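Subject: Structure handover and notes

Dear colleague,

Please find the structure below, followed by my notes on what was found in it.

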Amino acid sequence: MALPALVLFALFALVPMAIVIYLSFTRWDGLGSPAWAGADNWREALTSDVTRHALWLTVKLMVFSWIVQTPISLLLGVFVAGKQRYRALFAVFYFVPLLISTAAIAVIFKNLLDPNFGLGAALKLPVLGQDWLGDPQLAFYAVVFVIAWQFVPFHTLLYQAGARQIPASLYEAASIDGAGRLAQFWHITLPQLRYTIVTSSTLMVVGSLTYFDLVFVLTGGGPGYATRILPLDMYITGFQSNEMGLASAISVVLVVAGLVVSLALVRFSGFSRMRSQQAGM
Amino acid sequence: MPARIPSHVLVATSAAVLALTLTACGSSGRTAGGSSGDGALAWALTQGSEATFRASATEWNKEHPDSKINYQFFQNDPYKQKLRTAVGAGNGPVLFENWGGGGLKTYVDAGKVADLTADLNADPEWKNRIFPSVLESTTFDGRTYGVPVNGVQPVVLYFNKQLFEEVGAEPPKTWDQLLALVKKFKAKGIAPISMGGASKWPDLMWLEYLVDRVGGPEAFAKIAAGGKGAWSDPAVLKAAEMIKQLVDAGGFAKGFTSVSADTGQAEAQLYTGKAAMILQGSWAYGTMATGSPKFVSAGNLGWSGFPAVSGGKGDASNIVGNTANFFSLSAQASAKDKKTAVAYLRDGVYNDTYIDSLLKNGDVPPVKDLEAKLKATDNADWTTYVYGLARDAKSFQLSWDQALTPELGNELLTHLDQLFLGEISPQQFCAQMDEAAQE
C-alpha cells in the first residue's frame with residue numbers, strides 16, 4: 001500500500017532535493033552546465049548580510065504573524081461558535097477572505113494602500129494615506145497586517161470547530177459554581193482548546209516560512225531590503241540574478257529551518273502525545 | 001478509506017500516469033525546439049510589437065511557403081525564465097526576442113547564440129539601414145549577436161504644460177533650473193516629480209543621466225568593463241550626491257517608493273495634475289495617451305531632454321534608455337532554420353509595411369531616413385522628436401540593469417533603492433557597488 005506513495009515521494013520530493021543539494025555546491029547561471037564551486041555558495045549564504053537579514057525577517061514575520069493572528073482568531077472563533085442566529089450570518093461575511101486567491105488579495109491591498117490614489121486619498125483620511133508599502137519602517141507591518149487579513153478567517157474556522165466540541169455540561173457546572181463568563185473562558189474554553197491552539201500555531205508558524213506569493217506581489221521584497229524574506233531572497237537570487245547555486249544553498253537553509261521549527265513544535269507542544277480531549281477532561 | 005484498492009492496481013496506474021507525463025514533456029520539448037516541418041520558430045513578447053510581428057509573419061509565410069516563420073508569444077516576466085530554461089536545456093527557439101546587453105552576453109558566453117557578423121557584413125545595405133548606436137547593444141568584442149526589431153525607447157523628461165503655465169515656469173535646461181523648479185512647485189502644493197519607485201528601475205534613469213552628464217559616457221564604460229573602483233569614480237559619487245540632494249529637497253512626489261511603474265500610476269499623477277514632471281522611457285507616451293487621451297490630444301503633455309549639468313563632461317544630446325528589442329539566432333538551430341531566420345531578419349523585418357505597422361503603433365524604429373514617413377503619422381510631433389533624439393545622440397546608453405550582468409544589475413537596483421530611501425549615503429552606495437562588482 002505504501003509503495004506507490006513512496007515512489008511518488010522519492011520522485012517528486014527526494015530526488016529534486018538531492019539535486020538542489022548538489023546544485024548548492026556549484027556555480028550555475030541556468031545556461032550551460034554547472035561548475036563545481038565547493039563550499040563557496042555556503043560560505044556566502046551563511047555570511048552575507050542580505051541572507052542573514054532575510055532569515056531574521058522570516059523569523060520576525062513568524063513571530064508577528066503568530067502574535068497578531070492567534071488572539072484574534074481565538075476570540076473570534078469562540079465568538080462565532082455561539083448559537084445565536086446573527087452570528088452565523090456574521091460568520092458568512094467573515095469567512096469571505098478565505099475564498100480570495102493570494103495574488104488577488106495582494107493586488108487589492110497594493111491599490112488600497114497606494115498613497116496617491118488609494119483608500120486614504122479616496123476617503124480624504126490622511127491617517128490612512130501613509131506611505132504604507134514605500135516606507136521601510138512601515139512596509140513590514142503592512143505585510144503582517146495583510147497576511148493576518150488573509151489567514152485569520154481560516155484559523156477562526158479551526159477555533160470555531162474546536163469550541164463547538166467543548167461539552168456544554170462543563171459550562172453548566174461552572175455557572176452553578178458561580179463562575180463568570182471571563183472565568184469560564186479562562187478555566188474551561190482555553191484549556192479545552194489547547195490542542196486546537198497547537199494545531200493552529202503549527203500551521204501558522206510553518207506556513208509563515210513559505211509566505212512568498214503575497215509578499216512578492218505586494219512589495220517585491222522592497223523598499224530596499226525591508227520585506228525581503230528568505231523565500232523571496234531565494235527567488236530573487238535564483239531567477240532574477242541567475243545565481244542558481246547560491247539560491248539552492250538558500251533553499252536548503254529554508255528546508256532545514258522548516259524541519260527544525262516543525263520538529264520543535266511537535267516535541268515541545270506535546271502534539272505527539274495528543275489524546276482524546278473527552279477522556280482527559 | 002471506504003473501498004480498498006489492490007496495491008498492484010495503484011502501482012500500475014501511477015506508473016502509467018508518470019509515463020504519460022514524461023512522454024508529454026518530451027514531445028512538447030521537441031516541438032518547442034522548432035525542428036518540426038512547419039518552419040523556424042520565433043519567441044517574442046506579447047506586449048508592444050506583437051501585432052507587427054504577427055502581420056510580418058503572415059506576409060512572409062505567404063511569399064516563402066518553403067521557409068516559414070512561426071511565432072509564439074509570451075508575457076514579459078515569465079518569458080525571461082522560460083527562455084533561460086529552454087535554451088539551457090537545448091530546447092530553445094530558432095529566433096528569440098531579447099534586450100541586448102549583459103543579459104544577451106550570458107547567452108553568448110554559454111555558446112547558445114549564433115554570430116550574425118558575417119551575414120551583416122555580407123549585406124551592407126541591411127547593416128547600414130540600422131543606427132550603429134543601437135547595434136552596439138548586441139555587439140561584444142566586435143561581433144554582433146542580434147538585430148533590432150522594434151522601436152527605440154529613449155528616456156525623456158515629460159511635463160504637464162498646464163501646471164508649468166500655472167506657476168509660470170519653463171522646462172528645465174540645467175540641473176540648477178530643475179532644483180529651482182522643485183521649490184516653485186512645492187510652494188504651490190504640487191508634487192514636482194512623480195516616479196514609480198517601487199519598481200526600482202525608474203530610479204536608475206536618474207543615475208544613468210546624471211552620471212552621463214557629469215562624467216560623460218566614459219564613466220559607465222569603465223563600470224561595464226569591470227574596472228576596479230569604477231563605481232567610486234568621482235562622476236558616480238557626484239551623481240549619487242545629486243540624487244540625494246533632489247530627494248532631500250522633496251523633488252519626488254509623496255510615497256514615490258510605493259508607486260509601481262507597471263500600473264501607470266506614476267504617469268497618472270502627471271496627467272491628473274498631481275505632479276509636474278516625470279522621467280520615463282518613450283513608452284510612457286503610450287501609457288498617458290491611453291490613460292487620458294484628452295490630456296495628450298489637447299497638447300497638455302510636454303517633453304524635453306534631460307537637463308545639462310554645468311561643468312559636466314557629458315554632451316546634452318546624449319541619451320539613455322532601451323535601444324530597442326532584438327532578435328537573436330540560436331546557435332543550436334539547424335542550418336536550414338538558420339538560413340530561413342537570417343533571410344527573414346534581412347528582408348522580413350524593417351521592410352516598408354513592417355515600418356508602417358510599427359509607426360502606427362507609436363514605435364519609432366532605429367532605421368535611417370524615416371523623416372518623411374514620420375511626418376505622416378498621427379502623432380508626428382512626438383515620433384519626430386524621438387527619432388531626432390535617437391539619430392542625433394552622440395551616445396545612446398543601454399539601461400544599466402540590462403547592460404550589466406543580471407546579478408550586478410539586481411544588486412544595483414536594490415542599493416539604488418536604498419539611496420533614494422536615504423538608508424545609505426552616496427559614499428556607501430559607491431562602496432557597496434564596488435564590492436558587488438568585484439565578486
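At 44% relative accessibility, A:Leu14 counts as partly exposed, because that label covers everything between buried (under 20% relative accessible area) and exposed (over 50%), with a 1.4 Å probe and only the protein chains taken into account. Before going further, please keep in mind that this is a predicted model, in which local features need a pLDDT of at least 70 and side-chain atom pairs count only at pLDDT 80 or more, while totals for chains, interfaces and linings use all residues, and side-chain values use heavy atoms, with hydrogens and water left out. Residues are numbered from 1 along each chain as its sequence is written, and chains are lettered from A and ligands numbered from 1 in the order in which they are written.

Chain A and its surface patch

A:Leu14 is placed in helix α1 of chain A, where helices (H or I, at least four residues) and strands (E, at least two) are DSSP runs numbered from the N terminus. The elements that give two or more residues to the nonpolar patch are α1 (2-23) and α13 (244-269) of chain A, and α1(A) gives the most, with four residues.

As a whole, chain A has 13 helices and two strands, and its C-alpha trace spans about 75 × 60 × 30 Å along its principal axes. Of the 281 residues of chain A, 44% count as buried. The accessible surface of chain A, by the Shrake-Rupley method with a 1.4 Å probe, comes to about 14,800 Å², of which 72% belongs to carbon and sulfur atoms.

Where the two chains meet

The contact (heavy atoms within 4.5 Å) takes 37 residues from chain B and 35 residues from chain A. The area buried between the two chains, meaning the accessible area (1.4 Å probe) that two parts lose on being put together, summed over both, is about 2,900 Å², and carbon and sulfur atoms give 57% of this area. Between chain B and chain A the count of salt bridges is zero, a salt bridge being a side-chain nitrogen of Lys or Arg within 4 Å of a carboxyl oxygen of Asp or Glu.

B:Gly88 is one residue of chain B that touches chain A: not counting residues up to four places away in sequence, B:Gly88 touches A:Gly30, A:Leu31, B:Leu83 and B:Lys112. B:Gly88 is placed in helix α3 (residues 76-88) of chain B, and at 23% relative accessibility B:Gly88 counts as partly exposed. The C-alpha atoms of B:Gly88 and B:Lys112 are separated by 8.2 Å, although these residues are 24 apart along the chain.

Strands in chain B

In chain B, five strands form an open sheet with mixed pairing, in the order β2-β1-β3-β12-β6, where two strands pair if DSSP finds at least two bridges between them. The strands β2 (69-74) and β6 (147-148) of chain B stand at the edges, each with a single partner strand, so one side of each is left without a neighbour in the sheet. Two bridges join β6(B) to β12 (residues 326-329) of chain B, and these strands run antiparallel; within this pair, B:Val147 has B:Phe327 as its bridge partner.

Elsewhere in chain B, β7 (residues 153-160) is joined by two bridges to β11 (residues 319-322), with the strands running antiparallel, and B:Gln153 has B:Asn322 as its bridge partner. Three bridges join β11(B) to β13 (residues 396-398) of chain B, and here the strands run parallel, with B:Ile319 standing opposite B:Phe396.

Individual residues in chain B

B:Ser395 is placed in the loop between α19 (380-392) and β13 of chain B, and with a relative accessible area of 13% B:Ser395 is buried. B:Thr383 lies in helix α19 of chain B and is buried, with a relative accessible area of 0%.

Best wishes
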